[in-house]
Amino acid sequence: MATTPAAMCACPSLANSRAFTKSSFLGHDVRATARVSAACIQVPRRSTSTSTSTATSESFSIRSERKSQRVKCRAVKTASPVPPLVQLTTEEPKPVLQYAKAFAPATVANLGPGYDFLGCAVEGMGDFVTAEVDENIPGGTVAIESITGDEGRLSLIPEKNCAGIAGQATLTLLGVRNVGVRLNLHKGLPLGSGLGSSAASAAAAAVAVNALFGSPLSKAQLVQAGLESEATVSGYHADNVAPSLMGGFVLVRSYDPLHLIPLEFPKGKQLYFVLVIPEFEAPTKEMRAVLSPEISMKSHVSNCSQAAALVSAILLGDARLLGSALGSDTIVEPKRGPLIPGMLAVKLVSMKHDAFGCTISGAGPTTVAITDSEDEGHRIGARMVEEFMADGKLKATAHVQKLDREGARVVDSRKL
């Protein structure tokens, strides 16, 4: 995987952290405004002792240079195990439910200039996972019984499935050794859509398994289980799985220790996401590989300022500013946009029809536009669908959704 631009823009204080090598250039706390109603969440540092995990992440040796007004990152890729999960409970919990069904929402990651460190959850679409205590399954392990909605593309082997990996990781975090769990996954999100499909499966599995034992772990703690899954599928980044679990907007400040900052969009303000999904698959790993290891100082400054404006817009509840900042990425979108047939024309059409801003959702191909009116959202979405066909020769569907403030949740259960 190519070194990503986000790594080049990291705050120097995070130079030796996973946040520098994989995530953000917003290396500072969001402080003191009356609208910051959610506290920062810092998950305890994980042990770095000998790992039993088979998942691996990328480790980079970084040196930044300033030459001819360019920010340059030289990286050497080396194999490095993901830090092992450690039990977060004081004792092994006993199951209190026989069965739990959880839903986890779709997410919009990056939000333009927030590459790899900012994302949000959206209502409506998502994945379902059921978890059930099963005495025929070895203690401390999970088995996947069935998967629907994936057209037969996903593996039933837990170690090769996002839900399976996250479910197993949740048992490890809980310290469960004597109870086995059976999982069933229903995919409500298309694969490779840019809507956090893998993260939704992981989030739903983590919440369902946690619920079987009385939900002793917080959603923020469950992000570690989701990261275990994401590391295998698309990379060690939490900008999808954190908001899918926690809801709303989430800023990932650092990974070592894992530091998540919920950003609350004021409840009295209107915000709608116009999600247009073309019939085109954009695998995350491939879309990450096209990004350049070198960016101009001008682009670096521009994206930093737009990312700051994006955070400000969220806290102020300013949908117009949020859209403007979201549509102003000068680093990632210019590389990925041309790979999605019709995307650049679709963005222009959305703006022509009064969207506040438009960009690629996650790695794409879903394109997201911002407005403050549901009716306007449907009108904008219809024009975007037409343009995908006219310019990109792609069929597409449009969905107008609000922010999902709750995140992954249990929707059904049965006591022992």
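**Charged pairs**

Modeller: Here it is, and keep in mind the model is predicted. Let's start with Glu386, which counts as partly exposed at 45% relative accessibility.

Colleague: OK, what does Glu386 form a salt bridge with?

Modeller: With Arg383; the closest N and O atoms are 2.7 Å apart. Arg383 is partly exposed too, because its relative accessible area of 25% falls between the 20% and 50% cut-offs.

Colleague: And where do Glu386 and Arg383 lie?

Modeller: Both are in helix H12 (residues 374-392), 3 residues apart, so about one turn of the helix.

Colleague: Switching topic: how many salt bridges does a search of the whole structure find?

Modeller: That search finds 14. One of them is between the side chains of Arg288 and Asp116, at 2.7 Å, N to O. The pair links distant parts of the chain, 172 residues apart: Arg288 sits in helix H7 (284-289), and Asp116 in the loop between strand S6 (97-109) and strand S7 (118-133).

Colleague: Are Arg288 and Asp116 buried or exposed?

Modeller: Arg288 and Asp116 are both buried.

Colleague: What about Arg182 and Glu145, how do their side chains meet?

Modeller: In a salt bridge, 3.4 Å from N to O. Here Arg182 belongs to strand S9 (residues 181-186) and Glu145 to strand S8 (residues 142-148), 37 residues apart.

Colleague: Why is Arg182 called buried?

Modeller: Because its relative accessible area is 18%, and buried means under 20%.

Definitions and conventions. Residues are numbered from 1 along each chain as its sequence is written. This is a predicted model: local features need pLDDT of at least 70, side-chain atom pairs count only at pLDDT 80 or more; totals for chains, interfaces and linings use all residues. Side-chain values use heavy atoms; hydrogens and water are left out. A salt bridge is a side-chain nitrogen of Lys or Arg within 4 Å of a carboxyl oxygen of Asp or Glu. Helices (H or I, at least four residues) and strands (E, at least two) are DSSP runs, numbered from the N terminus. Buried means under 20% relative accessible area, exposed over 50%, partly exposed in between (1.4 Å probe, protein chains only).
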